Every structure is written in structure tokens, then in C-alpha cells.
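Visitor: I am new to this structure and would like to learn how to read it, one feature at a time.
Guide: Then let us look at it together.

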Amino acid sequence: MAELVTPAERRRLFTLLSPAYLWLLVAVFLPLSAMLFFSFLTDMPQDAPDWGVTLGNYAEFLTNPTYSTLLAKSLKLAVTVTFFCVLIGYPCALVLAKSIKGRSREALFLMVILPFWSNSLVRIFSWAIVLRGNGVLERAINFVLPFDVRLNLMFTTDAVVIGLVHSYLPYVILTLYLALQAVDDDLIDAARSMGASKLTILRRILLPLSLPGLLAGAVLVFVPVVGSFMEPRILGGRMGTYYGTVIEDQFVAVYNWPLGAALSFILLAVVIVILAAASPVLKRAQT
Amino acid sequence: MSRVDVANVTKKFGQAVALDDVSITFEDGGFFALLGPSGSGKTTLLRTIAGFYFPEAGTIRIGEQNVETVPVEKRDIGMMFQNYALFPNMSVADNVGFGLRVRKTPAAEEKRRIAEALELVQLGAMANRKPSQLSGGQRQRVALARAIVTNPRVLLLDEPLSALDKTLRVDMQIELKRIQREIGITTIFVTHDQEEALTLSDRIGILKAGRIVQAGPPREVYDRPIDAFAAGFLGEANWLPEAALSGLSLPGSPGGRRFATRPEMLSISAEAPGEGRNAVKGRLQQRVFAGAMATCLVDVAGQQWKLVARDRDIPELPGGGEVWLSWDPADTLAVPA
């Protein structure tokens with residue numbers, strides 16, 4: 001950043017930045033502070049006149065193993081979903097960025113982005129129709145195959161993973177597309193002129209150079225998936241109890257906002273710790 | 001080191017014909033410049049020889065091997081790109097060693113050959129730097145070291161110096177020529193810079209619209225251009241207007257031919273020159289001083305002629321005044337109209 005010399009420049013910068021900071025204050029900082037405050041209460045002030053301040057909500061997480069078990073389950077889900085998003089998204093982005101040009105690229109892009117434009121609830125229920133017993137997928141498979149196939153995907157962890165991967169795949173494809181697009185085609189040509197096979201080019205040039213985009217995409221998927229609740233609830237059924245659904249329950253069903261808030265902040269802390277632990281790797285990838 | 005034979009090669013992109021029945025031979029150990037305006041097919045020819053494109057018709061031989069269907073990674077060539085194309089994630093040594101590692105060269109030999117190549121381009125001390133820490137000229141040298149370290153059969157250069165500034169470019173030209181002589185590699189060089197082509201190469205091929213117009217040693221192409229395009233593209237040409245031809249001593253009859261002179265062949269004077277010289281009359285438009293040299297722009301029967309001479313050899317002449325431009329009849333260029 002350029003050095004600010006005069007007070008006038010400082011003032012101008014402050015004026016220009018203030019709308020953004022004001023927005024952050026109102027839309028992010030205030031609600032978060034309120035939630036942080038709630039997480040230390042025994043009851044919501046409007047419900048119980050005898051509310052007090054406590055650490056009990058955080059203690060609850062530590063004493064009741066259910067929460068930490070569910071958090072671990074959610075983290076595992078996030079790892080799985082991120083893994084599949086990258087596994088499917090990388091080849092897609094590679095093909096979009098390096099193999100396809102012109103109108104067909106635009107058409108494919110549209111198909112990648114389309115899930116973004118549809119309502120997420122609609123999207124999830126569509127998956128329910130596809131995945132349920134005797135649903136679209138099973139019928140299609142049985143139509144082709146001579147023997148009877150029962151997938152029983154609905155209300156399983158697999159269904160949750162499929163729904164989440166579909167929802168978050170565009171993030172990975174778009175960030176990777178940008179990263180791969182930035183790799184000069186001459187680099188690939190140069191590697192080929194030196195005798196490198198496609199696999200060598202992928203391993204030694206494309207992967208290292210697109211690693212920042214890959215990690216950015218992975219973070220974009222990982223963080224929201226840890227706290228996801230809609231997909232697990234609808235596609236997971238009884239299997240779909242995750243950390244995110246428990247938090248949601250505290251707010252909409254049990255109406256225990258303080259506990260919900262506390263659980264949310266524990267999740268936030270865990271995510272920050274994970275990202276901080278990964279940051280040396282992230283930093284190395286950027287140079 | 002090998003010679004490269006291109007025979008009857010045609011390459012199309014959709015409807016557009018990029019190379020139209022091109023035949024040309026690149027001698028073993030020679031330094032060949034492909035020169036032409038943009039869109040003339042010079043880069044397409046280079047990339048077809050490299051193996052990035054496969055021709056629709058014709059054959060390409062490198063040494064004794066027909067390669068027109070061999071993909072680039074199996075052609076054993078070295079190539080240098082316009083924008084260096086160094087791998088930004090690797091050190092200088094790893095960039096240079098890339099081709100060796102792909103060929104599974106033993107580690108000790110790899111190390112020795114990287115050091116040799118970097119020594120050749122005088123960058124031995126930079127082995128551990130990243131490309132982003134190098135200057136433009138240094139990057140260029142790394143790209144050259146990387147292209148020759150595998151001892152390829154042919155070195156292909158795609159406008160490698162065009163990204164450098166003028167003084168650096170001249171240094172690199174000398175350097176490139178030295179290294180090419182030292183290792184004796186067959187080199188094909190694409191450029192749109194005629195001066196560069198003349199300085200570096202021992203043979204020049206001029207391309208236009210996917211065809212080779214003329215190929216030969218630089219002096220021959222410069223002194224005896226085969227047509228008006230070659231005369232105007234390599235060097236500059238002052239075309240003799242039809243009306244001025246009578247009374248001049250010309251090589252051959254004027255029927256169906258056009259005549260020209262080179263700017264540096266002309267002398268300028270206020271009076272008509274003596275016997276034995278061709279001369280035309282014109283009006284001095286401008287005299288541009290450029291240090292040692294000077295350029296005069298002269299209006300000859302509505303055409304602008306250019307004269308280039310040492311400034312001290314040009315007499316004081318009034319601007320807008322009538323002048324004579326004269327030259328040795330032997331220096332007249334003649335091309336089919």
C-alpha cells in the first residue's frame with residue numbers, strides 16, 4: 001500500500017472507506033456481537049426476566065459428548081465434500097480453461113453456474129426426487145440394466161454428500177478456472193517442446209501454478225459445509241443429524257438461542273483454528 | 001544437429017490457408033531467419049516444424065526422420081518463446097533442467113549439464129533464483145539455456161527478442177549468434193524485424209500470405225530481390241516512376257519490369273551529376289538529422305524517396321529546393337512488375 005503523507009489524504013481515504021466499514025459494522029459486526037452476547041446468557045432477556053450471565057452454554061459443549069461427536073462428524077463430512085468437489089471440479093475447470101474455446105465454453109459455463117441461480121431448497125428437493133427409492137435414478141438404472149438394482153441412497157450420508165457436492169461444486173470450478181486461465185499457454189507449449197507428457201505438465205506446471213486457486217476453492221467449500229443443515233436434514237433424514245442441524249434446532253425448534261449461539265461460536269473458533277493451522281501451506285502456495 | 005526439409009506443406013485453419021504449398025530446406029548448422037509481415041504464416045511454419053500443428057499435406061523431415069505426424073513432445077526440438085515462457089514456480093536451475101528430468105537423465109549428469117548450459121549463457125551465478133527475480137535479458141538467457149540443454153536436433157525461436165528494449169536486443173543478438181556458432185545447432189528464427197534477420201542469419205526466407213517469396217543469403221536477397229514485395233520488405237526501396245525511366249541506364253529493358261534503388265545508394269546534390277550516373281530530379285522535403293547518419297525525404301514526381309547517408313556527406317541544401325538524386329547504375333534493382 002502506498003504511504004499516506006498528508007492528513008488530507010488520510011481524511012480522503014477515511015471518507016472513501018467509511019461506507020464499507022459502516023456496512024460491515026451494521027451487517028456483520030453488530031449481529032455477531034449480539035450473538036456473542038447471547039451465548040453467555042442463561043435465557044433470552046425477552047423470555048425470562050430472571051436472565052443472567054453464564055459460561056454454562058460453553059460448558060455444555062464440553063460436558064455433553066454429543067456435540068463434539070457431531071462436530072467431528074460435520075468436519076468429516078466437510079472433508080469428504082471438499083475432496084469430491086476438487087476431484088470433480090479440477091478436471092472440469094481444466095477442460096473449460098484450456099481445451100474449450102468460444103461459444104461451447106459459454107454454454108458449459110452456464111451449466112456450471114446454473115445451480116447458483118436456482119433456489120437451494122428446490123435444488124435439494126430435486127435431488128430427493130432423483131435419489132429416493134424407485135426414484136428417477138433407480139428407474140433409469142433399472143431401465144438400462146437387466147437385473148434389479150436397489151440403490152437406497154435417500155436418507156444416507158451418501159445422499160447428503162451428493163447434494164452438498166452439487167451445491168458447492170461451482171465455487172471450486174470457478175476459482176480453479178480463474179487460476180488455470182491465468183497460466184500462460186506458452187508455458188504448456190514450452191513444456192511440450194521439452195518432451196513433457198500431459199501428466200508431467202499437469203503435475204509439474206498446472207497443479208503447482210493453480211494451487212492457490214485450488215486452496216481458495218477448497219476453503220470456500222469446507223467452511224460452509226461444516227455448518228450446513230439444510231442438505232443433511234432433507235437428504236439425510238435420520239442419518240442427517242449434524243452439528244449444523246443441532247444449531248438450527250436450538251434456534252427454531254428448542255428455542256434455546258444462547259446454546260445455539262455458543263455452539264455457533266465454537267464452530268467459528270474451530271474453523272479459524274483449522275484455517276490458521278493450514279495458513280503456512282496456503283502462504284507457501286502463493287509464492 | 002540435423003537439417004530440416006519442409007516439402008509441399010499446406011496448413012489450413014478452417015477456411016483460412018496459413019501455409020500454401022511451402023517447400024524450404026534448412027541446412028545443418030545454419031541460422032535461418034523467417035521474415036514476413038504478421039499473418040504471413042511465419043509463426044505457423046515454425047510451429048508446424050515444432051509439431052504444434054500437423055500439416056494437411058506435405059512432408060517435414062528432421063535429419064533422416066519424417067516427423068510430420070510426430071507430436072511436439074517426441075520431436076526432440078528446442079524452442080524459445082516470445083514471452084520467455086519460464087516456469088514461474090521453478091528456480092532457474094529447475095527451469096533449465098526440466099527437459100533433462102523429463103528424459104530421466106541421471107542426477108549427476110543433469111546437474112553437470114544445467115551448470116554447463118547456464119555457463120554458456122553466462123548465468124552460472126543465478127541458478128537458484130526464481131524467474132521473477134531476473135531482468136528481461138537474463139530471463140531470455142535462461143530460456144535459451146533451457147532450449148539447448150537437451151541437445152535438440154533443431155532450435156526454433158519465435159520472435160525471442162521482441163520483448164527486449166533496443167540496446168539489450170542488440171546485445172542478445174550478438175550473444176545468440178555466438179552461442180549458435182559455438183554449439184553449431186540448426187536454428188530457425190521467426191522475426192518481423194528485418195534488421196535482426198540481416199544481422200543474425202546466414203539465410204533468410206521472406207514469407208507473404210503463406211508462401212515463401214524468396215529464400216537465400218541475406219546479401220543476395222537484399223541486393224537481388226525477386227519481386228517488389230521482397231524489395232520493399234527487406235530494406236527500403238525507392239521506386240522509379242515510369243516517366244523518369246528514359247535516359248537512365250537500366251539493367252535490361254523496361255518492359256514489364258519495375259526499378260528501384262536503396263536509400264543508402266543515393267547521393268544528393270544541387271547540380272546535375274556527371275556522366276556515368278543515373279539521376280532523377282526532385283524537391284527536398286525534409287532533412288532529418290540523426291547523429292552520425294541523416295535522412296533526406298525527397299519528392300520525386302509525386303513519390304516520396306528516401307536517402308540515407310552520413311550527415312557529413314550531405315551538402316547544405318535549401319529546404320523545398322530542387323535537388324538531384326543520383327546513383328551508380330549497377331545499384332539499380334529490377335523486379336518483375
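**Reading a contact and a helix**

Guide: In this predicted model, the side chains of B:R47 and A:D189 meet in a salt bridge, with 2.5 Å from N to O.

Visitor: How many salt bridges are there between chain A and chain B?

Guide: The count between the two chains is 2 salt bridges, and there are also 4 residue pairs in polar contact, both residues of each being at pLDDT 80 or more.

Visitor: Which helices of chain A supply at least two residues each to the side that touches chain B?

Guide: They are α8 (185-193) and α9 (198-226), and the largest share of that side of chain A, 7 residues, comes from α8(A).

Visitor: How many residues does the contact take from each chain, and what area do the chains bury?

Guide: The contact takes 15 residues from chain A and 20 residues from chain B, while the two chains bury about 1,800 Å² between them, with 61% of it on carbon and sulfur atoms.

Visitor: Which residues are buried in helix α2 of chain A, and why are they on the same side?

Guide: The general idea is that an α-helix has 3.6 residues a turn, so residues three or four places apart point the same way. In α2 (residues 56-63) of chain A, the residues A:N57, A:Y58 and A:F61 are buried. These residues are on the same side of α2(A) because they cover an arc of only 100 degrees around the axis.

Visitor: What does the face of α2(A) turned away from the buried side carry?

Guide: That face carries the exposed residues A:L62 and A:T63.

Conventions: Residues numbered from 1 in each chain as written. Chains lettered and ligands numbered in written order. Predicted model: local features only at pLDDT ≥ 70, side-chain atom pairs only at ≥ 80, totals over all residues. Heavy atoms only, no water. Buried < 20%, exposed > 50% of the residue type's maximum accessible area, 1.4 Å probe, protein only. Helix = DSSP H or I, 4+ residues; strand = E, 2+ residues; numbered from the N terminus. Arc of directions from axis to C-beta. Contact = heavy atoms within 4.5 Å. Buried area = accessible area lost by both parts, 1.4 Å probe. Salt bridge = Lys/Arg side-chain N within 4 Å of Asp/Glu carboxyl O. Polar contact = N/O pair within 3.5 Å; in protein donor to acceptor, adjacent residues only side chain to side chain.
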